[in-house]
Amino acid sequence: AWRPLTLADSVNAQRRLLAEVFDVDKVALAAGWSIGGQQAYQWATAYPDAVERLCVICGSARTAPHNFVFLERVRSSLEIGLQIPRGQDTLSGSTA
């Protein structure tokens with residue numbers, strides 16, 4: 001069974017890619033918005049010698065519990081969209 005991937009897993013993979021494929025050991029700026037900001041925080045804490053500067057925009061060190069309500073709404077909207085046949089605007093059958 002697969003274990004859930006974490007933000008740290010993502011950052012570790014990014015670090016490995018930069019080091020092994022692009023031969024980059026240090027970044028001038030770790031920057032990100034929202035979850036990208038969380039990744040930038042993770043970069044700075046996991047690899048402090050590899051990050052010269054940090055710029056986080058609209059991000060937090062941890063996702064707040066109430067944010068999951070927002071994310072659930074986005075997820076359910078995408079799932080509903082997958083149920084709409086091509087050429088229809090809504091599930092009720094209106095066509096474009």
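The model is predicted, with local features requiring pLDDT of at least 70 and side-chain atom pairs counting only at pLDDT 80 or more, while totals for chains, interfaces and linings use all residues. Residues are numbered from 1 along each chain as its sequence is written, and side-chain values use heavy atoms, with hydrogens and water left out.

**Overall fold**
- The protein chain contains three helices and two strands; helices (H or I, at least four residues) and strands (E, at least two) are DSSP runs numbered from the N terminus.
- The order of these elements from the N terminus is α-β-α-β-α.
- Of the 96 residues in the protein chain, 12% are buried, where buried means under 20% relative accessible area, exposed over 50% and partly exposed in between (1.4 Å probe, protein chains only).
- Among contacts (heavy atoms within 4.5 Å) with a separation of 6 or more, 49% join residues 24 or more positions apart.

**Helix α2**
- The end C-alpha atoms of α2 lie 16 Å apart, in agreement with the 16 Å that its twelve residues should span at 1.5 Å a residue; the expected span is 1.5 Å times one less than the number of residues.
- Buried positions in α2 are Gly36, Gly37, Gln38, Gln39, Ala40 and Trp43.
- The cover over these buried residues includes α1 (7-20), β1 (30-33) and β2 (54-57).
- Gln38, in helix α2, counts as buried because its relative accessible area is 10%.
- Leaving aside residues up to four places away in sequence, Gln38 touches Leu7, Ser60, Ala61, Arg62 and Thr63.

**Largest pocket**
- The largest pocket holds about 420 Å³ of space; a pocket is an open set of points on a 1 Å grid over the protein atoms alone, where a 1.4 Å probe fits, with protein on both sides within 12 Å along at least five of seven lines.
- Its volume is the space filled by probe spheres set on the points, which are joined across faces, edges and corners.
- Its lining (residues with an atom within 4 Å of a point) comprises 18 residues, and Ile35, Gln38, Ser60, Thr63 and Asn67 lie nearest the centre.
- Helices α2 (35-46) and α3 (67-83) each supply at least two lining residues, and α2 gives the largest share, five residues.
- The lining divides into nine nonpolar, eight polar and one charged residue; Ala, Val, Leu, Ile, Met, Phe, Trp, Tyr, Cys and Pro count as nonpolar, Asp, Glu, Lys and Arg as charged, and the others, Gly among them, as polar.

**Cysteines**
- The count of disulfides (pairs of cysteine sulfur atoms within 2.5 Å) is zero.
- Cys55 is partly exposed at 30% relative accessibility, whereas Cys58 is exposed at 60%.
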